[in-house]
Amino acid sequence: MEQFVVSARKYRPQGFDEVVGQSHITTTLKNAVDNNQLAQALLFCGPRGVGKTTCARILARMINEFDENSDANALNIFELDAASNNSVDDIRNLIDQVRYPPQYGKYKVYIIDEVHMLSNAAFNAFLKTLEEPPSYAIFILATTEKHKVIPTILSRCQIFDFSRIQVSDIADHLKGIADRESITAEEEALHLIAQKADGALRDALSIFDLIVTFSENRNVTYQSTISNLHILDYEYYFKVVNHLTAESLSETLLIFDEILKQGFDGHNFVTGLSEHLRNLMVCKDQATVQLMEVPETAKVKYIEQAQNTSLSFILSALNILSKCDLSYKTSKNQRLHVELALMKLTHLNTAISLATHEENGLKKKSSLKAPEENKKPSPTLDQVKLSTQVAEQPKNLATPAFPKPTSKPSKLKSTSRIPTAISEVKPVRSGEEKESAPKPEETKETYGQEPFDFEKLKSVWKTFAEQKKTEGKDAEYAVLKQEFKLKDKCTIVLTLTNSVKINILDRFRSDLITYLKTELDNGSLELETELIEEDVKRVPYTNKEKFEHLAQKKPILNELKKRLGLDPDF
C-alpha cells in the first residue's frame, strides 16, 4: 500500500514560479538574487499558511544553486523552531555554528521559524550577530506576529509582508491539483473551500484532502462540501431575502426554524445573512461587483436579486442585523432575539414607504398657499422684503438679524409666494413708492388664527418628536423631549440646559415652527428658548482638594498644618 502524502507537502512549491498569490514577494527576491543585492537578514511576516517557510527554503537553495534533493542542503541550510528553542542557550549554540564557513556552496542559511517566540534575553543575545553577520551567513526569520518582535530586531532586517491569498487564486490552484489527481470538482465547491480557508493555502489544501476522502468516487460536489464542512447553503439566504421583501413573516420564521433544526447556530445565520446583504449592496453598482468573492454562477443570482431589492431596504436591514449581532451573546433567549430582528426586517418595506409618505406630506403641507378666495395678483420680487422665517428667529439668542433695507417696499395685503432665501430679495428701485415695512401680522395670512390650548400643542409637539425618532435623529428627539410652556397664548418657551442643545434646535427650528403653524392653523405662533445652565457640584477628588474642603469647614486645620509642617498632597 502506497503511503499517503498530504497535498500541502506533495505540492509544496519548488520554485518561485509555483508560489501562489505572493508575486510581490517572489519578484523582489528573484531580482535581489540576480542583482546580487540580497540582504543578510530577512524577516518574512504574514498570516499562517501563505508561503513564508516555503519561500525561505526556495531562496536558500537558489542562492547556493542547489537542487531540491542535493545532500548539501542538510549541511548549508539550518532550520530552527523558535517556539521550542527560545532560550539564550539555544541562540548561543546557533551563534557558535555561524563562526564556521560553509563546506559546500557560498552561503550558510539559517531559517528561524516563529521568531516572535524568542525570549527578550534571546533576542538581545542575537542582536550583535544579526547586525554584523559573517559574509557567508544569511538569516531568514519568519513570524505570524510581527508586532511581538522587538524593534531592535526589526531595524536590522529587511521586512517582507506576505498577504492573504485571494479566494480566486486558491480556487484556481485547487482546480489544478484536482486535474493532476484526476478528481472531478465543481467550481462552487472549490470556491467554498477557498472561502473557508480564509486566505491560507495550506488550510485550503487540508480541507480539500478531507472533502476528497469524504466524497464518493473522488467527486467533489457543492452539496458534499457544505455537508462535510457544516456550512449553510447560500440558497437559504436567497429565499429569506425574497420572503422579507414580500413581507411574508410566516415563511421567514419557518425557514429559520428549518435552519436551526439542521444544527446551525443562530449567530452564524445572522452573520451569513449580513454577508449576503453586503453582496447585494455591492451588486447595485457595476463597478463594485468585483468585490464579491463568489463563483460566476452565483454572481448572476446575486445581481438578479439586487435588481429586485431597494438600496433603502438593504442598508436598513444591515443596520438591524448589525445590532442583532452585537447583542446576540448577551441575549437570554437567543432564538427569540433573532426572530425579533426578522420581524423588523419583514415590515421594513412598509416602514420605509410610510416614512417617505409622511415626509412628502409634511413638504406638501409646508408649501400650502392661501385659499383661492383670498388670492390676489402675485406681487413682484422687487416688492417683497423678507421671508416670514426671519420673524421666527428666537428672540433671546444672539443670532444675527437681517439688515433692514434702506428703502421700504410697497405695502402688501396678501402674498401667494414668499421667498425662502435672501438671494431672492431685491432692493427697491429708486423712484418706486416707499411705505412702512409690513408688520409681522401682515405676513402671516397664509395661516389662520385658530386658538389652541396647551394639551393640543403637546399632542402636535409629540407627533413631531416621534417623527424625528423614527428618522433616527436621536439628538433632535432629545431636544424636543425638553420641557416647554405656553406664554401669551401664542408663544412657546422651550427650556434648554446648554448651548449645544440650542445649536441642535437651530438646525430644525424653521421646520418645527412651520409644522406647528400648519397643524394648529395659527400664523401668530412663535418659539422662544430659555437657557438654564445646570449647576454641577464638583466633588473633591485629590487629597489636596479633600483637605481644602475640610479646611473650609474647620479653619483650625490650616493652623495645624502650618505648625506641624504637613503636606496634604501625599
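Two strands are taken to pair if DSSP finds at least two bridges between them. In this predicted model, 5 strands form an open sheet in the order β2-β3-β4-β1-β5, with parallel pairing. β2 (77-81) and β5 (158-161) are the edge strands, each pairing on one side only. From one strand to the next, the twist averages 20 degrees.

Strands β3 (residues 108-113) and β4 (residues 137-143) run parallel and are joined by 5 bridges. Within β4, I140 is the bridge partner of I111. Helix α2 (residues 23-34) packs on the sheet, where it touches β1 (41-45) and β5, and its direction makes about 145 degrees with that of β5. Helix α6 (residues 120-131) also packs on the sheet, touching β1, β3 and β4; the angle between its direction and that of β4 is about 135 degrees.

Two of the tilted pairs are tabulated below.

| Pair | Centre distance | Plane angle |
|---|---|---|
| F238 and Y302 | 4.9 Å | 55 degrees |
| F464 and Y515 | 5.1 Å | 45 degrees |

F238, in helix α12 (residues 234-245), and Y302, in helix α15 (residues 296-307), are 64 residues apart, and their pair links distant parts of the chain. Both F238 and Y302 are buried. Because F464 lies in helix α20 (residues 454-470) and Y515 in helix α22 (residues 499-520), their pair ties together parts that are 51 residues apart in sequence. F464 counts as buried at 4% relative accessibility, and Y515 is buried with a relative accessible area of 11%.

One aromatic cluster is formed by F78, Y110, F126 and F139.

Technical notes
Residues are numbered from 1 along each chain as its sequence is written. This is a predicted model: local features need pLDDT of at least 70, side-chain atom pairs count only at pLDDT 80 or more; totals for chains, interfaces and linings use all residues. Side-chain values use heavy atoms; hydrogens and water are left out. Helices (H or I, at least four residues) and strands (E, at least two) are DSSP runs, numbered from the N terminus. Axes are lines fitted to C-alpha atoms, for helices over the stretch in contact, and angles run from 0 to 180 degrees between N-to-C directions. Contact means heavy atoms within 4.5 Å. Rings of Phe, Tyr and Trp (its six-membered ring) pair if their centres lie within 6.5 Å; planes under 30 degrees apart count as stacked, over 60 as edge-to-face and the rest as tilted. Buried means under 20% relative accessible area, exposed over 50%, partly exposed in between (1.4 Å probe, protein chains only).
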